[in-house]
Amino acid sequence: MESIILDVDTGIDDALAIAYAVRSPLAEVLGLTTCFGNTSVEEATRNSLQVLELLGAEHIPVAMGAPHPLLRAPLKQKATAIHGENAIGDVELPLPKSEALAIDAATFIVNTVRERPGQVTLVTVGSQTNLALAIMKDPEIVKLVKRVVIMGGAVTVPGNVTPVAEANIYSDPEAAAYVFQSGIPITLVGLDVTMQTLLTREHLADWRAKGTDLGRTLADMCDFYMDAYHQFNPTLGGCALHDPLAVGVVLDPTFVKTRAMHVQVDTEGALSIGRTIGDLRANPAQAPNMDVCLEVDVERFVTHFLEWVV
């Protein structure tokens, strides 16, 4: 069983990732840490608490994290066109009965990794701000985590927020650059693979047919998500399972094929800020700093995801 901390900016695919991790028998979710991104950190925290209560998992702690990027004003606003005004597809859930922890996300990460050296996998599916702050707080954790699995980047494909940048990296390029060069072991699950993993309307119909609150609620969220995807890519036929694939890579690393690569983040280019630049040469100038996912077994991953998420 994998012991994980999920770092989220809870929008719709974050909610799917939370459900996948919580309901899978292969994962022990030690806690959620929240960050700005799809929405404000306050809304992401509320959404995370609401999703956990929907899952009957309100015992899982939630720690609120960074409200803004490390070094700059935000480059992008909340993603209402993609995730809705409340970031969960404008689906109304009861206000959470539970509350976030008194400690911040970076402290929670440090404390948990220190308590379980070599055992904790961090799954970051928003910006890298909380992780960067945790490393700044306690640099030794780079040697104490089992691995970091990052949903972010677009090494060999176009970006989704600019022609070259993926949204999570673009949210805080300096934080991503800091994490990438920190020496922490990283698997990068970017648009190179996530855009191949699709949830369809037929899947949503199956969820509703189960007759459960969870199935109906997640289907309602994803209806909004798919409508948004259709506006930008009418031929896609569904929505990408970005954040769930990062969880899937932890549960079963054989879902993907990776290549060891040196990747850095552009933090200065006027037209290329947030770009993840991978050294694809046979003889790279610098040693690899991460494993980059370049292929995915789509059918096997989606089948596994559907088996557990609802």
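Q: What should I know about the model and its numbering?
A: The model is predicted, so local features need pLDDT of at least 70 and side-chain atom pairs count only at pLDDT 80 or more, while totals for chains, interfaces and linings use all residues. Residues are numbered from 1 along each chain as its sequence is written, and side-chain values use heavy atoms, with hydrogens and water left out.

Q: Which strands pair with strand 2, and in what sense?
A: Strands (E, at least two residues) and helices (H or I, at least four) are DSSP runs numbered from the N terminus. Two strands pair if DSSP finds at least two bridges between them. Strand 1 (residues 2-8) pairs with strand 2 in the parallel sense over seven bridges, and valine 8 has threonine 34 as its bridge partner. Strand 3 (residues 62-64) pairs with strand 2 over three bridges, also in the parallel sense; here leucine 32 stands opposite valine 62.

Q: Which helix lies between strand 1 and strand 2 in the β-α-β unit?
A: A crossover is right-handed if, with the strands pointing away from the viewer, the path from the first strand over the helix to the second runs clockwise. Helix 1 (residues 12-23) forms such a right-handed unit with strand 1 and strand 2.

Q: Why is strand 2 described as largely enclosed?
A: Buried means under 20% relative accessible area, exposed over 50%, and partly exposed in between (1.4 Å probe, protein chains only). Strand 2 (residues 27-34) is largely enclosed by the rest of the structure because seven of its eight residues are buried.
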